[in-house]
Amino acid sequence: MSLLKAATDVRLRAYAPYSRFKVGAAIRSVEGHVHIGCNVENVAYPEGTCAEAGAIAAMIAAGDSKIGEICVIADSPDPVPPCGGCRQKIAEFAAQDVVVTLCTTDGKFKSMTVADLLPGVFSAAHMVKSDEGRV
Ligand code: THU
């Protein structure tokens with residue numbers, strides 16, 4: 001299935017009564033499976049989750065390991081870039097050259113890489129493994 005179709009379909013199931021901004025995301029894992037997610041809001045606003053986070057959770061729950069490609073769609077005048085938190089979440093599970101395609105429901109799209117989205121990403125390589133700070 002095309003990622004755009006998968007993201008388009010799941011967007012319609014988004015739960016966004018507060019923002020009224022429905023977002024769909026679809027990942028093709030490096031293992032070759034499609035995983036989907038939509039935003040799920042909460043009356044306690046910060047508890048809501050983004051579409052990208054949902055798709056990543058579905059990928060991990062299904063037993064796949066990494067993002068090979070990701071597509072995000074929303075009804076917006078221009079392709080909406082993932083929020084800062086989602087950039088970090090995507091970077092955890094994707095190589096720097098993985099393509100992220102951002103789409104609008106009226107057919108606009110923009111493709112970029114994970115490195116474009118989050119240059120200088122904080123990664124596990126930055127953490128010095130010492131006992132400093134341990135209790
Ligand atoms: N949202 C996403 O699902 N993904 C993004 O990358 C941007 C924002 C959702 C979160 C919230 O439910 C709504 O869009 C408005 O911010």
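A residue counts as near a molecule if one of its heavy atoms lies within 4 Å of it. The model here is predicted, so local features need pLDDT of at least 70 and side-chain atom pairs pLDDT 80 or more, while totals for chains, interfaces and linings use all residues. Residues are numbered from 1 along each chain as its sequence is written, and side-chain values use heavy atoms, with hydrogens and water left out.

**Exercise 1.** Find which residues surround the ligand, and sort them by class.

*Solution.* Step one: list the neighbours. They are Ser19, Phe21, Val23, Asn39, Glu41, Cys50, Ala51, Glu52, Pro82 and Cys83.

**Exercise 2.** Work out which residues make polar contacts (pairs of N or O atoms within 3.5 Å) with oxygen atoms of the ligand.

*Solution.* Step one: check the side chains. Glu41 has a side-chain N or O atom 2.5 Å from a ligand oxygen, and for Glu52 the distance is 2.6 Å.

Step three: look at the cover. On its own the ligand has 370 Å² of accessible area (Shrake-Rupley method, 1.4 Å probe), and the protein covers 76% of that.

Note on methods
A polar contact is a pair of N or O atoms within 3.5 Å; within protein, one must be able to donate a hydrogen and the other to accept it, and residues adjacent in sequence count only if both atoms are side-chain atoms.
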